[in-house]
Amino acid sequence: MASTSLQSSVKRQCVITLCLRGYEYKILQLVFFLMCSDIIVGHDILKRHSSLQVTFGGEEALLDICSVAAANIEPAQLFTHLSLNCKTISIKSRRYSTSDLQFIDSEVQNLLKEGIIEKSVSPWRAQVIVVISENHRRRMSVDYSQTINRYTELDAFPLPRIDDIVNKVVSYKICSRIDLCSAYYQVPFREEDKLYTVFETSGQLYQFTCVPVGIQNGVPSFQRVMQKIEEDEDLKGVEVYLDDATVGGLTQEEHDTN
């Protein structure tokens, strides 16, 4: 099935002629699974039509788009090179003000809802810190400086030179700048690496399911992912620096195509 974690054994199969919404589809192979499910409409039917409309029952009018696709991003390798003396560390619990604790609890619930973190039983344990940004906004972060960052050797993957990017961008007539939303949280990493990202809050342990902020090799790993997408998709007129992408062209048409 679409998700490799969901598998069923075929019990029987037959060849049928299917009538669906006034259309007739001949010589279709129908397979039966050990599951309670409606018939799955596959590509053999869908490729005969220009589009497929699915009703979701919302209040807003029809949203008409040309296609939907999910990016297939290879998991980032954050802990490929750990020092030989690496050992499990569990940091002592911290005390927080009532205001900070309420803020942390709220952030954790949001991360859980988004599937960015999950509960953990790892022997590692880092602690949460609340930092104030330049615009005086609070941000929750995890202090890995005393845990896994101590044993993670630096990934030497280089970041692009800003002046090189500027020299390319100024040659375009029209440019758009794209800033990715929660960029690190869009990149998964290996299942076996999750235990290193564990943190404690409110008497619970949580681990990240995607690249966390504050981890040693988060920056070079993210840049590697972005450049691989750029190369694999053969993107033109695109300059990428971490979660900032600049798209340019000599004309409006070229810019829109890029």
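Q: Which exposed residues sit on the face of helix 2 turned away from its buried side?
A: That face carries Thr-98, Gln-102 and Lys-113, where exposed means over 50% relative accessible area, buried under 20% and partly exposed in between, with a 1.4 Å probe and protein chains only. Please keep in mind that this is a predicted model, in which local features need pLDDT of at least 70 and side-chain atom pairs count only at pLDDT 80 or more, while totals for chains, interfaces and linings use all residues. Residues are numbered from 1 along each chain as its sequence is written, and side-chain values use heavy atoms, with hydrogens and water left out.

Q: And which residues of helix 2 are buried?
A: Phe-103, Ile-104, Val-108 and Leu-111 are the buried ones. They lie on the same side of helix 2 because they cover an arc of only 135 degrees around the axis, the arc being that of the directions from the helix axis to the C-beta atoms. Helices (H or I, at least four residues) and strands (E, at least two) are DSSP runs here, numbered from the N terminus.

Q: What do those buried residues pack against?
A: They pack against strand 3 (117-119), strand 4, strand 5, strand 7 (199-201) and strand 8 (204-208), with contact meaning heavy atoms within 4.5 Å.

Q: Changing topic, what's the strand order in the open sheet?
A: The 5 strands have the order 3-8-7-4-5, with mixed pairing, and two strands pair if DSSP finds at least two bridges between them. Strand 3 and strand 5 stand at the edges with a single partner strand each, so one side of each is left without a neighbour in the sheet.

Q: How many bridges join strand 4 to strand 5?
A: There are 6 bridges between strand 4 (residues 126-132) and strand 5 (residues 138-143), which run antiparallel. Val-128 has Val-142 as its bridge partner in strand 5, and Ile-132 stands opposite Arg-138. The two strands form a hairpin with 5 residues between them, and His-136 in the turn has a positive phi of about 65 degrees.

Q: Last one: in the largest nonpolar core, which residues touch the most other members?
A: Ile-117, Phe-199 and Phe-208 do, out of 37 residues; such a core is a set of buried Ala, Val, Leu, Ile, Met, Phe, Trp, Tyr and Cys residues joined through side-chain atoms within 4.5 Å. Helix 2 gives the most to this core, with 4 residues.
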